[in-house]
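Trainee: I have a new model on my screen and would like to learn how its descriptions are reached. Could we go through it together?

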Amino acid sequence: MGFFSAIKAGLQKTRDAFLGELKGIVGAGKITDETLEDLEEHLIKADVGVEAAFLLTDALRENALGKSLTENEVLKIMRDEAERLLQEPPKFEVKGNPHVILVIGVNGAGKTTTIGKLASKFAAEGKKVMIAAGDTFRAAAIEQLEAWAERSGAEFVKHQEGSDPAAVAYDACAAAKARDCDIVLIDTAGRLHNKDYLMEELSKVVRVMRKHDVAYPHDIWLVLDGTTGQNAINQTKIFHKSFPLTGIVVTKLDGTARGGSVLSIAGSLKIPIRYIGVGERIDQLVEFNKQEYVEGLFENAVVSMDK
Ligand SMILES: Nc1nc2c(ncn2[C@@H]2O[C@H](COP(=O)(O)OP(=O)(O)OP(=O)(O)O)[C@@H](O)[C@H]2O)c(=O)[nH]1
Ligand SMILES: [Mg+2]
């Protein structure tokens, strides 16, 4: 599945909510504060997230308040604002030898799966990849990752269950240098029962790998479950406070109607979305495309309103 078809399905609910509300606004003469508040509420319910709902209606307040506009004109204001909000992710470049990417996120978000998919993508580009089993919490987690490493033909470093994730990350970086790897992907635990402990563990992983090189990790990518809507936005805020995130991967956008949350994450938090996960298979990770996302959000909006 390509980016556009994947995102289009995920944005259906958000798109429909735009349409229903816009009809009322445009049909009722001049745009008032009250109609904007109604729209804001519908946008929040449509899972674009509170932040993006505010920003989109602010744009309308600035440009449309007191005016009688056509549907097309209102849509254009929102579309322009959505485009302005989304960051075009900077092109991924290998910045180190190796380039180290730490992958973090709450449990079940899709970190391990995403690492497998990324490894396969990088390998297909001719890069030599190392995967590190930094989630030492469960033996099953290590085995799951090892299976992904085998599938993608990546090098793999693991320690025993219960060992120190920082030591795994440190060893993986050393092994990657010795084996001349281009990229190191470090998996981490995501358990929630103690957030402070998790943040501390991740900080230690970062601190220890910097003994190799202060530039490590070159990237910290947060993996978010795209079906969790506003919750994903709140998680991003918490992680971003402790770690300077350089990118986000939103998973499970296949079969969800909550793809609108991407707009709040990328728009109000100014963190680029790099990839989206659109299925469980190794090839079901696609690069985020801002233009196509905005298109998916507003596509055919005016046409279907006339139905
Ligand atoms: N449909 C769908 N399922 C996905 C996607 N990405 C991951 N999954 C599924 O989500 C579940 C959790 O994925 P994991 O990769 O194990 O998540 P994790 O973040 O490593 O979880 P922990 O190790 O428990 O912290 C698995 O069943 C995956 O197959 C996706 O893009 N689409
Ligand atoms: Mg995992």
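Mentor: Let us take the overall shape, then the surface, then the domains. Keep in mind that this is a predicted model.

Trainee: How do you know that the radius of gyration of the protein agrees with a compact globule?

Mentor: We set it against a rule: a compact globule of 307 residues would have a radius of gyration near 19 Å, and the protein has 21 Å, so the value agrees. Along its principal axes, the C-alpha trace spans about 70 × 35 × 30 Å.

Trainee: What makes a residue count as buried?

Mentor: Its relative accessible area must be under 20%. In this protein, 54% of the 307 residues are buried. The accessible surface comes to about 13100 Å², and carbon and sulfur atoms account for 49% of that.

Trainee: Which side chains make up the positive and negative sets, and how far apart are the centres of the two sets?

Mentor: Lys and Arg count as positive, Asp and Glu as negative. The protein has 38 positive and 45 negative side chains, with the two centres 2 Å apart.

Trainee: And which domains does the assignment give?

Mentor: Domain 1 covers 3-88 + 295-305, and domain 2 covers 99-289. Their C-alpha centres lie 33 Å apart.

Trainee: How do you know that residues of domain 1 and domain 2 are in contact?

Mentor: Contact means heavy atoms within 4.5 Å, so we look for residues that meet this cut-off. In domain 1, 21 residues are in contact with 25 residues of domain 2.

Technical notes: Residues are numbered from 1 along each chain as its sequence is written. Chains are lettered from A and ligands numbered from 1 in the order in which they are written. This is a predicted model: local features need pLDDT of at least 70, side-chain atom pairs count only at pLDDT 80 or more; totals for chains, interfaces and linings use all residues. Side-chain values use heavy atoms; hydrogens and water are left out. The radius of gyration is taken over C-alpha atoms; the globule rule is 2.2 Å times the number of residues to the power 0.38. Buried means under 20% relative accessible area, exposed over 50%, partly exposed in between (1.4 Å probe, protein chains only). Accessible areas come from the Shrake-Rupley method with a 1.4 Å probe; for residues, only the protein chains shown count as cover. The place of a charge is taken as NZ of Lys, CZ of Arg, CG of Asp or CD of Glu. Domain bounds come from an automatic or database domain assignment.
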